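Reader: I am new to this structure. Please take me through the terms used for it, and show what each one rests on.

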Amino acid sequence: MRLVNWTAGLLVLGLVLPAAGVIRKEGRFWIEEKEGAIPAGTRLRVASVGPVSITGDTGNDVRFKVTRRVRADTQREAERWFEDAPLTASLQNGTTVISLQSPRCGRCGFSASLAVSAPRRTHHTTIDSEGGSLTAQGLEGRLNASTQGGAILIEDIGRSVRADTAGGNITLRAIGGEILCDTAGGAISLDGAGADATLTTSGGSITARNVAGTLRTETAGGSITAEKVGRSLVAETSGGSINVTDVAGRVRAETAGGSVNILSAPHGVRAETAGGKIYLRDVAGAVTASNATGSIQAYFLRGGLLQDSVLETNVGSIDVWLPADLKVTIEAIVELTNNDRRIQSDFEAIRVRLDRERFGPSSITAEGALNGGGPVLRILNTAGHIKIHRLE
């Protein structure tokens, strides 16, 4: 095992070099900076107590710079605390391991940041911090990044990424493989994934663009935006709006309170909200939209292959735009009304009928087969309006 251990000096491959660190004082704090290098393995593992940044380069070594900060009355006292918080670097069975510990100094206000550069070709990189932001960029292999509290920024990674933080935003760009990330409280932003992506936050918004595979998103409180998804999409939020554009596969969008907007989803949609508007444009396949207390607007795709579908709300209007040549069978009903104008249609083939009750409100139904009929589109409204428009 090759070992680098910084205490008073620097030991590299059996050679003892003078300590290269520079100590300076800022107020009641002492700050020390040191640099070093070690031959790179095919894998890299970094463990630290504070912020960590890793950058890929074209070299053959792993280079690192540590900045440590501590409160002390004298320089000697500060040096003692620094010696009690060593940075070690070793090469173990093809893995370069860098570790920075925290001293047992009570209320000395110790903090440290670590900057690392490693060969871009590194196969697998692992970063673990006890608390601080993490940054990684320019690596061809896999990456695992975890911090007990802080933001994470990851970009230009060739293969899969796993990232989690106990509290902070996560930003990912240009990831070549599968993504799995989670934050206990913060926003997630993704732009560019070469495979499937799963994004989860306990409180914050999620934005994802240019995902080649299936996208799964879940937040306990925040909005979700998804654009250009190569396969299917699942979007779930306990409170916030959902905005979706250009999904090649099936879409499932569910919110406990907010609007749902879906543009261009030709292979099926399931949209649900407990309060807000549902807006669907250029949709096809099996389309299900359920709204507890709001309106629904749905534009069906010209040339799309429709399957049996349902649009349903309790309070609010439902407006449907159907291509003039679409083969579909319509079944529509407003359950509670005494007004025969609650259902309106641009199609003569759709017949509207008011079913009067002797006591209490009546219901109104509309049925018809367009262009010879086809899959059934059921439109259900408890006490609102239904309008069926011709889309020329």
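Author: Start with Asp61. Leaving aside neighbours within four places in sequence, Asp61 is in contact with Ile38, Pro39, Ala40, Ser117, Ala118 and Pro119. Keep in mind that this is a predicted model.

Reader: What makes Ile38 or Pro119 a contact of Asp61?

Author: Contact means heavy atoms within 4.5 Å. Ile38 and Pro119 are among the residues that Asp61 is in contact with.

Reader: Why is Asp61 called partly exposed?

Author: Its relative accessibility is 29%. Buried means under 20%, and exposed means over 50%. The value for Asp61 lies in between, so Asp61 counts as partly exposed.

Reader: Where does Asp61 sit, and how far is Glu83 from Asp61 in space?

Author: Asp61 is in strand S8, residues 61-71. Asp61 and Glu83 are 22 residues apart in sequence. Their C-alpha atoms are 25 Å apart.

Reader: How do you know that Ile127 is buried?

Author: The relative accessible area of Ile127 is 2%. The cut-off for buried is under 20%. Therefore Ile127 is buried.

Reader: What surrounds Ile127?

Author: Ile127 lies in strand S12, residues 124-129. Beyond four places in sequence, Ile127 touches Val46, Val52, Ile54, Leu134, Ala136, Leu143, Asn144, Ala145 and Ser146.

Reader: Which residues have the most contacts inside the largest nonpolar core?

Author: They are Ile98, Ile262, Leu280 and Leu322. That core has 96 residues. Take Ile98 as a case. Not counting residues up to four places away, Ile98 touches Leu44, Arg45, Val46, Ala47, Val62, Phe64, Leu87, Thr88, Ala89, Leu114 and Val116.

Reader: Now the rings. How many aromatic pairs are there?

Author: The count comes to 2 aromatic pairs. Tyr279 and Tyr299 form a tilted pair, 5.9 Å centre to centre, with 55° between the planes.

Reader: Why does the pair tie together separate parts of the sequence?

Author: Tyr279 lies in strand S29, residues 278-283. Tyr299 lies in strand S31, residues 296-300. The pair therefore ties together parts that are 20 residues apart in sequence. Both Tyr279 and Tyr299 are buried.

Reader: What makes the pair of Tyr299 and Trp321 stacked?

Author: Tyr299 and Trp321 are 4.1 Å apart, centre to centre, with 5° between the planes. Stacked needs planes under 30 degrees apart. So this pair is stacked. The pair links distant parts of the chain: Tyr299 in strand S31 and Trp321 in strand S33, residues 318-323, 22 residues apart. Ring pairs link Tyr279, Tyr299 and Trp321 into a cluster.

Reader: How do you know that Tyr299 and Trp321 are buried?

Author: The relative accessible area of Tyr299 is 15%. For Trp321 the value is 16%. The cut-off is under 20%, so both count as buried.

Reader: What makes the charged end of Arg69 sit over a ring?

Author: The ring is that of Phe29, and the charged end of Arg69 is 3.8 Å from its centre. The limit is 6 Å, and the charge must also be within 35 degrees of the ring normal. The charged end of Arg80 sits over the ring of Trp81, 5.5 Å from its centre.

Reader: How does the radius of gyration of the protein compare with that of a compact globule?

Author: A compact globule of 392 residues would have a radius of gyration near 21 Å, but the protein has 30 Å. The C-alpha trace spans about 95 × 40 × 25 Å along its principal axes. The protein has 1 helix and 39 strands.

Note on methods
Residues are numbered from 1 along each chain as its sequence is written. This is a predicted model: local features need pLDDT of at least 70, side-chain atom pairs count only at pLDDT 80 or more; totals for chains, interfaces and linings use all residues. Side-chain values use heavy atoms; hydrogens and water are left out. Rings of Phe, Tyr and Trp (its six-membered ring) pair if their centres lie within 6.5 Å; planes under 30 degrees apart count as stacked, over 60 as edge-to-face and the rest as tilted. Helices (H or I, at least four residues) and strands (E, at least two) are DSSP runs, numbered from the N terminus. Buried means under 20% relative accessible area, exposed over 50%, partly exposed in between (1.4 Å probe, protein chains only). A nonpolar core is a set of buried Ala, Val, Leu, Ile, Met, Phe, Trp, Tyr and Cys residues joined through side-chain atoms within 4.5 Å. The radius of gyration is taken over C-alpha atoms; the globule rule is 2.2 Å times the number of residues to the power 0.38.
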